[in-house]
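Please look through the fold and its aromatic contacts with the explanation below.

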Amino acid sequence: IGRQAWSDLDQLATATAPIVVLHEPQDPGNLGTILRTCDAAGATGVVLTGNATDPWHPTALRAAMGATFAIPLVRCDVTTFIAWGGSLSIAIIGTSDRAATDYATREYDDRFVLLMGSERQGLPMALEAVADDMVRIPMAGQADSLNLAVATSLVLYEARNQRVRRAVAALRFDS
């Protein structure tokens, strides 16, 4: 038994690590896995926009392995997120298979917003329009996309790996 705890966008405004925004994720297992990955990769919180699956669904809770209670969760509509995102002074990075930039070649700040679209439709144009940059995950085989949880994990861990490399480089420079 646990208590559902929702945060609001203002609680994420001073984030020092990535914020993940998921637009209409439909699969509770994907959402739980993303929450678990956010906790593991050091993300600040998760924002759900649109008609998103319930993070308190038993399948989501099982996949999250406790991360649901460790990661701040926010639910809002797209218009509210767009207004809030526009007031931030951090990069908003979206994902799309049409983007020109490979996710692994982009430099990520410690603090940024990662926009991920639904499993079926991707990001709506309104959310793509607020992104400062769009990145893609290249596909070598026949598949045209990855599972939402896998795609989110790839970008978050690339950003985490870059943070670690910067920290190591700073230590070497200071020594």
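The text takes the sheet and then the aromatic rings.

This is a predicted model, in which local features need pLDDT of at least 70 and side-chain atom pairs count only at pLDDT 80 or more, while totals for chains, interfaces and linings use all residues. Residues are numbered from 1 along each chain as its sequence is written, and side-chain values use heavy atoms, with hydrogens and water left out.

Strands (E, at least two residues) and helices (H or I, at least four) are DSSP runs numbered from the N terminus, and two strands pair if DSSP finds at least two bridges between them.

The whole structure holds 4 aromatic pairs (ring centres of Phe, Tyr or Trp, with the six-membered ring for Trp, within 6.5 Å; planes under 30 degrees apart are stacked, over 60 edge-to-face, the rest tilted). One of them is W6 with W56, edge-to-face at 6.4 Å centre to centre and 75° between the planes. W6 lies in the segment before β1 and W56 in the loop between β2 (45–49) and α2 (58–64), so the pair ties together parts 50 residues apart in sequence. Together with F69, W6 and W56 form one aromatic cluster.
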